[in-house]
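User: I'm new to reading protein models and would like to go through one step by step. Can you help me with some questions?

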Amino acid sequence: PLYSSAASDVYKRQDLKGETVMKIDVTLEITPKMVQDAQGHDKKSLSGHLGTHFDVMNKEFPLEYTQRRGIVFDVSGIKDRDIGVFDVDLEKVPADSFVMFYSGFIEEEGYGSARYFKEHPQLSDELIEKLVDLHISLIGVDFAGIRRGREHPVKDQYCADHGVFIIENMCNLKELLNKDVIMNTYPMRYQGMTGLPCRVVAETM
């Protein structure tokens, strides 16, 4: 039998073995108010950078990246400093994977505020470089970028140059903690844009 939960961002079904398979939408739902708030604090928000998206950085999103094994690290307890290499177990990260960081910031602050865009958590340079060295495909965060301010596009470009895309403004990552997940990522097929909105759905058992 097929059935869905009360929440529109979770879908459940039974497979042939009777096990429950869940699909969890980790894409931020956008409202008109959120669009207005974001545009007031981030001028790029309506040029492909609104809500859950990745910065293109002069690269093409490979079709093989649309489905990747995912892993989520809980970094919600880290405050007032960068998220570093000793905060996560990098030995658990397989090549070609989608590595995500649950901070809880998007739920705590709410998308679109000045603080959301300017004072969000960030990954340390060392952690970013270690992730790139592991030959992963995607990094996902529930905040506005892996680095803040002028370092934001610099690190996005560094990752893109090494075949890694950054997906920003994800949500519901807490639901994926300690689960084996397959991540399905489908960006809009835009040309000449600096950012691509995307729909990201996790599948787990």
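User: Let's start with Asn169: is it buried or exposed?

Analyst: This is a predicted model, where local features need pLDDT of at least 70 and side-chain atom pairs count only at pLDDT 80 or more, while totals for chains, interfaces and linings use all residues. Residues are numbered from 1 along each chain as its sequence is written, and side-chain values use heavy atoms, with hydrogens and water left out. Buried means under 20% relative accessible area, exposed means over 50%, and partly exposed is in between (1.4 Å probe, protein chains only). Asn169 has a relative accessible area of 2%, so the word for it is buried.

User: Where does Asn169 sit, and what is its phi?

Analyst: Helices (H or I, at least four residues) and strands (E, at least two) are DSSP runs, numbered from the N terminus. Asn169 lies in the loop between β8 (165-168) and β9 (181-187). Most residues other than glycine have a negative phi. Asn169 isn't a glycine, yet its phi is positive, about 60 degrees.

User: What does His135 touch, not counting residues up to four places away in sequence?

Analyst: His135 is in the loop between α4 and β7, and it counts as exposed because its relative accessibility is 58%. His135 and Ala95 are 40 residues apart in sequence, but their C-alpha atoms are 5.2 Å apart in space. Contact means heavy atoms within 4.5 Å. By that rule, His135 touches Ala95 and Asp96.

User: How do helices α4 and α5 lie relative to each other?

Analyst: α4 (residues 125-133) and α5 (residues 151-161) pack at about 20 degrees, with axes 10 Å apart. Axes are lines fitted to C-alpha atoms, for helices over the stretch in contact, and angles run from 0 to 180 degrees between N-to-C directions. Angles under 35 degrees count as roughly parallel, over 145 as roughly antiparallel, 65 to 115 as roughly perpendicular and the rest as oblique. So α4 and α5 are roughly parallel.

User: Which residues of α5 does α4 meet?

Analyst: On the α4 side you'll find Asp125, Ile128, Glu129 and Val132. Their partners in α5 are Glu151, Lys155, Tyr158 and Cys159.

User: Last one: how far is Gln67 from Thr194, C-alpha to C-alpha?

Analyst: Gln67 is in strand β5 and is partly exposed, with a relative accessible area of 48%. Leaving aside neighbours within four places in sequence, Gln67 is in contact with Ile182, Met183 and Asn184. Thr194 is 127 residues from Gln67 along the chain, and their C-alpha atoms are separated by 22 Å.
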